[in-house]
Amino acid sequence: MGGGWRGVFLLFALLGGAFLLPLSARESQVPDWKRLRPEERRIQGVVIRVADGDTLDVRDRRGTVTRIRLYGVDAPESSQDFGGEARRYVAKSLMKREVRVEGQNRDQYGRLVGKVFLGERDFGLELIRHGMAWCYRQFCDDPSYLAAQEEAQRAGRGLWASARRGEAPVAPWEFRRTHPWREKKSAQEKKEERPGEKKEKGGEKPEKGKRKKSKPKGTLQPLSPSRKQVETRKLP
């Protein structure tokens, strides 16, 4: 009998005992890369860049720029159908506007995952409701986000319009799984010479009005000093 009670107690400790720990103790079990600093729990700032449909940069009043990943939202990738439309929608709605960010945690890339509010409106929820993104079910515990996606599907809004034509849109997480990131172009391939900045090989750009001296044609140049000096002579 005693052994049975010990088994029940152990099971309780494993399944439910963790929820009885104080908040500070529970937070200490969160991996370091997921933890938020106090100033990241709430950020007030201006959107200065929109990377894609679910990622943007916010500059706060101190001038600190934070990369934000919208909580509970997964927008189409840039190289995916409707990716450009989703990004343009976010840029038009948020660019240079003041927002409030409520941080949730950090993702594996170091971005701050948070809810973004424009006034009192939850922008991530609005994005899903307008059919510009999916509810990221794997990382979302807000039931209103999934309800918003179902509403957009029924109405055929945004990316869900293709479903009415019999073309089911591909979820971004499935697209990423079947289309691994391509290798980035080398830095040399990305370089573009600006007009007027091309330099002569092996030296600085010659001054205006001055011609670079060229070696006379039809002559043999002396050998290096390490060998016997041979006078330059004209070719026949």
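Just past helix α3, K96 has a positive phi of about 65 degrees. This is a predicted model, where local features need pLDDT of at least 70, side-chain atom pairs count only at pLDDT 80 or more, and totals for chains, interfaces and linings use all residues. Residues are numbered from 1 along each chain as its sequence is written, and side-chain values use heavy atoms, with hydrogens and water left out.

Me: How many residues of strand β6 are buried?
Reply: Strands here are DSSP runs (E, at least two residues; helices are H or I, at least four), numbered from the N terminus. Buried means under 20% relative accessible area with a 1.4 Å probe, protein chains only (exposed is over 50%, partly exposed in between). β6 covers residues 112–118 and is mostly covered, with the buried count at 7 of 7.

Me: Which residue stands opposite G114 of β6?
Reply: Strands pair if DSSP finds at least two bridges between them. β5 (residues 98–106) and β6 pair in the antiparallel sense over 6 bridges. The residue facing G114 is G103.

Me: Parallel or antiparallel: how do β3 and β6 run?
Reply: β3 spans residues 65–70, and I68 in that stretch stands opposite L112 of β6. With 3 bridges joining them, the two strands run parallel.

Me: Which residue in the turn of the β6 and β7 hairpin has a positive phi?
Reply: β7 (residues 121–122) pairs with β6 in the antiparallel sense over 2 bridges, and L118 stands opposite R121. The hairpin has 2 residues between its strands, and the one with a positive phi, about 70 degrees, is G119.
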